[in-house]
Structures are given as structure tokens and as C-alpha cells.
Amino acid sequence: MLHDIALLSPMIILLFGALFTLVVDPFLPTATPRRFWGPFGALISGAAVLATAALWVSGNHEMQTPAFAAHLSASRLSLFFTALTAVCALLTHLSSPAFMDEQDHGFGEFYALLHFAAFGMAVMVAAESLITLFIGLEIMSLSVYVLAAFKRTSLASVEAGLKYFIMGSVASAMLLYGMAFLYGIAGGTTYVEIQRALVVPKPGLDLWLGLAVVLTMGAFLFKVAAVPFHMWAPDAYEGAPTPVAGFMSAGVKAAAFGALLKVLYAALAGGAIDSLHLSMPKMLATFAVVTMTVGNIAALRQTNAKRILGFSAIAHAGYLLLGCVAWVPDGGLGDHYHVAGAAVPFYLVGYALASLAVFAALSVVGKGGQELTGQAQLAGLGRRYPLAGAVLTLGLLSLAGVPPTLGFFGKLELLHEVLRAGDQYVPHAVLLVLNSVVAAYYYLRITVWVYMKPEGKVEREYIRDRSLTWSMSLAALAILCVGILPSRLMRMAAFAGGAVRPQVARAHLDHQLEVAGLKPPVVKAAATEAVLPR
Amino acid sequence: MTTEQILFYILGGGAVAASAAMLLPPLGKSPIHSAISLIVSFFFLAGLYALLSAHLLGALQIIVYAGAVMVLFTFVIMLLNLRPDETQEPRITAGKVLAGVLAAFVVGKVVTVVGLASAGAKAVDLAQPGYENFGSTKEVGYMLYTSFLVPFELISVLLLVAAVGAVILAKKSLHYVDRPEPPPSVFDQEHAHEHMHTQSGTDHAGDTHAPHDANAHAASHH
């Protein structure tokens with residue numbers, strides 16, 4: 001019991017941060033500025049990262065109590081993504097206070113919701129059952145909807161929150177519908193039970209499974225903003241307060257892909273799914289390519305940096321989706337760090353850090369309630385606020401995949417993995433490269449605004465704040481340092497990826513189930529047979 | 001056809017019909033009628049649960065959803081105090097027709113798949129051992145506090161987030177008392193209308209837009 005609670009310590013720390021903020025905030029004198037919650041939140045998130053690191057090093061990753069083991073895991077994959085989402089929360093906590101104060105909405109609840117969102121993400125990526133996954137997803141989504149609409153006096157912010165909320169609710173409904181079919185097939189909601197039910201193909205299972213997979217994957221496409229469910233992203237990113245937009249593009253995407261990987265390769269990994277394998281990877285790969293192309297082409301004509309980044313987030317969802325599809329298991333944990341499965345976690349780290357750096361740097365123009373981030377607002381930033389200009393440029397270069405940034409190695413690794421997955425993915429890989437070239441145009445366009453456009457007559461004021469500087473510097477340093485020395489992170493990503501691959505995962509989970517003495521209840525097993533036609 | 005099947009078709013058909021009435025005119029045009037259709041649909045669903053031997057779930061469906069949640073819904077609708085022009089049907093456009101056709105296609109596909117896949121499915125015999133307490137309060141409670149304890153506790157966090165979020169979005173002003181009066185929230189309908197009327201001096205019956213932050217528009221002229 002205590003052992004399991006120790007394994008949950010990152011989540012408990014994040015939840016403590018949220019509750020502490022909520023409880024203490026009303027008792028503070030009204031005149032006290034609330035911006036100290038930002039650094040406090042960063043400390044809490046930092047503690048969560050440290051706890052995750054300690055668990056990673058200690059190496060004992062299995063829950064012992066059945067009640068915990070069935071719903072949450074502390075596998076390397078979960079830990080990797082928990083740490084990543086906590087880092088996203090940390091940087092957002094640092095970049096928010098000054099911006100939210102300038103926008104006149106720096107309230108304690110904002111920071112509490114950031115903690116809640118990070119907690120939901122941690123639950124999502126640690127989930128071992130559909131029901132826990134769904135609750136984690138909802139905790140995260142509800143927090144992020146409110147964060148996006150947090151500037152209630154701004155129509156753009158409210159529109160962002162409302163659009164995100166409605167689209168997200170549809171996605172949740174789809175996910176639940178798909179999960180209901182999966183439950184009907186497996187007679188249980190845990191990934192282990194689903195995997196066991198899908199080990200052997202049964203006649204008539206295909207149709208149910210196809211329906212379940214289509215609905216579940218559709219919901220994930222919604223959450224990661226992939227075509228054809230991408231239309232909410234640009235509006236939501238444009239309207240949301242800038243640091244929140246950064247958190248949405250980095251944290252939400254990381255958590256959604258972490259959960260997607262587990263669902264794809266831990267739950268839907270039985271032999272029965274192989275009959276669908278003829279069509280499912282092909283379908284998802286097609287969506288991936290269309291997603292990156294649509295995102296990049298649409299970004300070309302935008303005039304607002306936040307909107308450009310919204311479309312860029314769609315394009316990156318396409319790259320990552322291709323990485324998920326092309327993640328063909330090769331069995332056994334390779335000792336070389338270039339094993340399959342490293343690319344998606346690794347790429348996500350680079351993408352998340354770059355996004356957070358870019359949005360943190362963009363938030364400096366939010367002085368006095370300013371919401372727009374177009375050419376007029378950004379012109380002259382490079383000269384008058386060199387740090388912000390430099391961090392913005394570095395982040396954009398990393399998103400574009402220019403060496404020696406982390407984004408370059410992420411793309412390289414992703415491409416490598418896609419090509420290794422088989423010859424059928426060669427056209428996709430070619431399109432990925434072409435898309436990266438197209439993307440470079442609009443990323444560099446923002447850089448041109450920052451450095452080369454006339455500044456206008458008005459001397460523009462920028463937000464200059466110590467914690468914002470910390471946020472920008474930390475993100476930029478991480479992009480550069482890890483970009484120059486990527487091998488350690490790549491090895492960690494390979495460990496994370498290795499934790500989910502089916503053969504390994506199945507053996508591991510079955511063993512875990514035996515150790516825990518956990519068997520599917522009699523009622524459920526019998527119910528399964530009844531649902532399936534014979 | 002057994003009694004169970006007949007009951008199933010009555011309850012299932014009723015649930016579908018009530019759900020359709022929730023969205024389609026004439027009932028679907030008014031939010032309060034939609035809410036009542038939803039209650040009716042919940043009652044049919046409760047019957048379906050009872051038919052599946054999930055008696056507790058059926059009772060909860062009526063007490064919690066049809067009772068508490070729906071009363072809240074109706075209260076909210078009444079408090080919103082929608083004016084007739086806000087509940088008017090939007091115009092039918094080509095895009096909406098296309099969306100409708102696509103939606104019909106997806107629904108048709110799902111129905112076909114479910115129909116094909118469920119051919120030959122057999123009922124569970126609840127008389128066999130292991131099923132004595134199926135769906136009973138004791139059994140559900142046992143599950144909730146043993147194998148589903150973690151999700152059960154996580155739900156409490158979810159509810160807390162929902163409550164905090166709703167308060168933040170719905171509260172008149174988040175500012176503390178000694179701060180100057182903030183501009184009106186766009187959620188604050190009543191306030192917004194007053195604001196508009198005092199500004200223009202005339203009553204725009206058809207104009208329902210709340211005033212919004214001037215920043216977004218002023219800044220676009222830079």
C-alpha cells in the first residue's frame with residue numbers, strides 16, 4: 001500500500017499544489033498580488049519532476065495492491081510522460097504570472113487549475129484502464145477549457161474556451177462510445193483485460209472491434225487536433241491567454257499522445273487487432289499525412305503568430321501521429337538505444353519545450369491587456385527585447401527542425417523510425433520532409449517580423465518580469481543543451497517506448513496480474529461470451 | 001418474441017424517440033421542452049437498466065439524473081431567461097445540409113455494424129452461480145470500494161475542478177472588493193444589455209451581442 005502510494009507521489013504532489021492554492025488563496029489579504037503563486041507552482045511542479053526522476057532511478061515500477069495496479073501504472077512510459085507534463089506545467093507557471101497580471105486576471109484559481117490540469121495529464125498517461133484514462137482526460141480538459149476562457153472580459157478568450165469546450169465534449173462523447181464497445185468486447189475496462197480478450201481473433205469480433213477502434217481513434221484525433229477534427233485548434237490557440245496556449249500545445253498534446261500510445265500498444269495489441277492491422281495503420285498514416293499538409297498549408301496565409309502556431313500544432317500532430325503508426329514492434333528490449341519506440345516520446349520533448357519557449361516569448365507583447373501577436377506587435381522585438389527575440393527565434397528554429405536544436409534530432413529520429421517501419425511508409429516519409437520545408441517558411445516569417453520589419457512610431461512596451469525570464473531561459477537552454485547532447489534523453493525515450501511494446505508489455509502485464517492475484521471476475525468473463533456471437 | 005424483447009423495444013424505441021424530440025422541432029425549438037424530453041429519455045433508459053438486471057443503476061438514473069440533475073438544468077434554463085429571438089432556429093445552409101448528410105451516413109454505418117455484429121448474440125443466463133447478486137446495491141458498492149476505488153476517488157477531483165471552473169466562469173466579478181470595477185464579463189448577459197442600452201440609448205431588440213473587450217479591435221488598427 002505505502003509502496004503504491006510512493007509510486008503515485010508525482011500525482012499526489014501536483015494535487016497537493018492545486019488544493020493548497022485553492023485553500024490558502026481566499027485567506028490572503030485582498031491587496032496581496034497573486035503572482036507569487038507562479039513561482040510556488042513551479043516549485044511544486046519541480047518537486048513532481050524530482051519525484052518522477054527518483055522513481056525512474058529506483059527502478060521498481062510495479063504497483064502491488066490490485067486496486068491500484070488495475071488502474072494506474074508507474075512504468076517507464078508513464079514516468080517519462082508524467083515528467084514531461086510536469087515540466088510543461090513548471091514552465092507555464094513561470095511564464096504566466098506577469099502576463100495574467102497585465103491582462104488583469106491574475107487570480108489564485110488560475111494557478112490551481114494549472115496544477116489540476118497537470119494532475120489530470122499525469123493520471124491520463126499513468127492510466128491502465130479506460131475508466132481512469134477517461135477521468136484523467138476530463139480532469140485535464142475541464143481545467144484547460146476554463147484556463148482558455150480565463151480572461152472573461154475578452155471575447156476572443158471566451159470564444160476559445162467555448163469552442164474548445166464544445167469540440168472537446170463531442171470528442172469525449174465519441175471516446176465514451178468507443179470505450180463502451182471495447183468494454184463489451186473485453187468484459188472489462190483495464191488494458192490487460194482488453195489485451196487478453198484480443199489475444200485470439202474470434203469470428204464476428206472484427207465488426208465490433210472496428211467500430212470501437214474507429215470511435216476511440218476519432219476521439220484521440222480530436223484531442224491532438226488532427227484532420228478531420230482539427231478546426232478548433234487555431235481559434236482556441238489564438239484566443240487563449242498566451243501562456244495557456246503554450247500549455248495547451250505542449251502539455252495537452254504530450255499527455256494525449258502518451259495516452260494514445262498506451263491505448264494503441266498496450267490495450268489494442270492482441271492478435272485480434274491484426275486482422276484490422278491491414279487497414280488501421282494505413283488509415284491513421286493517411287490521416288497523419290493529410291493532417292501535416294493541411295496544417296502547414298493553412299499556416300502559410302496567417303497573419304497572427306498565435307494562429308500560425310495553432311496550425312503548426314496541427315502539423316506537428318500529423319508528424320507525431322505518423323510516428324505512432326510507424327511504431328512497429330520488433331519484440332524484445334534492444335540494448336542499443338536506437339530501438340523502435342523512442343521517436344515519439346523524444347520528439348514530444350523537443351516539441352513541448354520549443355512550443356513553451358515560443359509562447360513564453362510571445363507573451364511579452366501582452367503589456368496592458370494586449371492580445372494580438374501580429375507583425376505590428378512583434379516588429380522591433382528583437383532590438384528592444386533581445387532575450388525574448390532570441391528565445392522566440394530559437395524556439396521557432398527548433399519547431400522547424402534546424403540543427404543543433406532538439407527539434408532537429410526529434411525529426412531525424414522520427415524519420416528514421418518511419419523509414420525502418422517498412423517500405424510502405426516511404427511516401428509518407430517523403431511528404432514529412434516536404435512538409436518540414438514548407439513549415440520553415442512560416443516559422444521564419446515570424447522571425448522576419450521580429451528582426452527585420454519597421455517598428456512603427458510608437459515605442460512599444462513589453463512585459464519584463466523575472467519569472468518570465470526564467471521560463472524563457474530554461475526552455476531555451478534545454479532546447480540547446482539537449483539538442484547538442486541528445487543521447488541521454490534518447491536513451492530514456494527508448495526505455496519509455498520499450499515499456500509499452502506489445503510482446504514486452506503483454507508478458508510484463510500478465511506477470512504483474514499473476515503476482516497481484518488479479519483475475520477478471522466471473523461475471524465479466526461470462527458477460528463477454530454473451531456479447532460475442534458464436 | 002419474449003416479454004423481455006417486447007419491453008426492450010418499447011423502452012429502447014421510447015428512449016430514441018424522446019432523444020429525437022429533444023433536438024428536432026417542434027419540441028426541440030424551446031430549451032425547456034428539450035430538457036423535459038431529456039427527462040423522458042432518462043426514464044426509458046432507467047427501464048432499460050432495470051431490464052438488464054442493473055436495478056440500482058436504474059434507480060440512480062431516476063433519482064440522480066431525472067431528479068437532481070434535470071431540476072438543475074431547468075433552473076439554469078429559467079435563470080438564463082432566454083428571449084424569443086435567441087431561441088430562433090438558425091437558417092439552413094449548404095454546409096449544414098452536407099453536415100446532416102454526413103452525420104446520417106455515420107449513424108447509418110454504426111447502426112448497420114451493430115446490427116450485423118449482434119446477429120446471433122445470446123442472452124446471459126442469470127440463474128447460473130456467480131450471478132446471484134448481479135446489479136444489487138451490495139455488489140455495486142463492493143466493486144466501487146474495491147476494484148474501482150482509484151477511479152472513484154479521481155472522480156472527486158473531477159467534480160472539484162468542474163465546480164471551481166464553473167464558479168470562475170460564472171461569477172460576476174473575480175476581482176477583490178478593493179479593486180476598481182472591472183469591465184463587464186461577456187458571460188454576464190443582463191449586465192451586458194444594460195451596458196449597451198445606456199450607451200446607445202435605444203432598444204435593440206434583435207441585437208444580442210454582448211459588448212466585448214475593446215482591446216482586440218482597437219489593437220487591430222495599429
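Colleague: At what angle do the axes of helix α5 and helix α16 of chain A cross?
Modeller: Roughly 5°, and the axes come within 10 Å. Here α5(A) is residues 76–102 and α16(A) is residues 343–362. Axes are lines fitted to C-alpha atoms over the stretch in contact, with angles from 0 to 180 degrees between N-to-C directions. Helices are DSSP runs (H or I, at least four residues), numbered from the N terminus.

Colleague: Parallel or antiparallel, then?
Modeller: That crossing angle makes α5(A) roughly parallel to α16(A), a label for angles under 35 degrees. Keep in mind that this is a predicted model: local features need pLDDT of at least 70 and side-chain atom pairs pLDDT 80 or more, while totals for chains, interfaces and linings use all residues. Residues are numbered from 1 along each chain as its sequence is written, chains are lettered from A and ligands numbered from 1 in the order written, and side-chain values use heavy atoms, without hydrogens or water.

Colleague: Which residues make the contact?
Modeller: On α5(A), F80(A), F81(A), L84(A), V87(A), C88(A), L91(A), T92(A) and S95(A). From α16(A) come P345(A), L348(A), V349(A), A352(A), L353(A), L356(A) and A360(A). Contact means heavy atoms within 4.5 Å.

Colleague: And by class?
Modeller: 13 nonpolar, two polar and no charged residues. Nonpolar is Ala, Val, Leu, Ile, Met, Phe, Trp, Tyr, Cys and Pro; charged is Asp, Glu, Lys and Arg; the others, Gly among them, are polar.

Colleague: Where do F110(A) and F150(A) sit in the chain?
Modeller: F110(A) is in α6(A), residues 108–126, and F150(A) is in the loop between α7 (130–148) and α8 (155–186) of chain A. They are 40 residues apart, so the pair links distant parts of the chain.

Colleague: Which peptide bonds are cis?
Modeller: V227(A) to P228(A) is cis, with omega near 5°, and P228(A) is in the loop between α10 (205–223) and α11 (232–239) of chain A. Another cis bond joins P403(A) and P404(A), omega about 5°. P404(A) lies between α19 (386–400) and α20 (406–420) of chain A, in the loop.

Colleague: What's the phi of D104(A)?
Modeller: Positive, about 70°, although D104(A) is not a glycine. D104(A) is in the loop between α5 and α6 of chain A.

Conventions
Helices (H or I, at least four residues) and strands (E, at least two) are DSSP runs, numbered from the N terminus. Angles under 35 degrees count as roughly parallel, over 145 as roughly antiparallel, 65 to 115 as roughly perpendicular and the rest as oblique.
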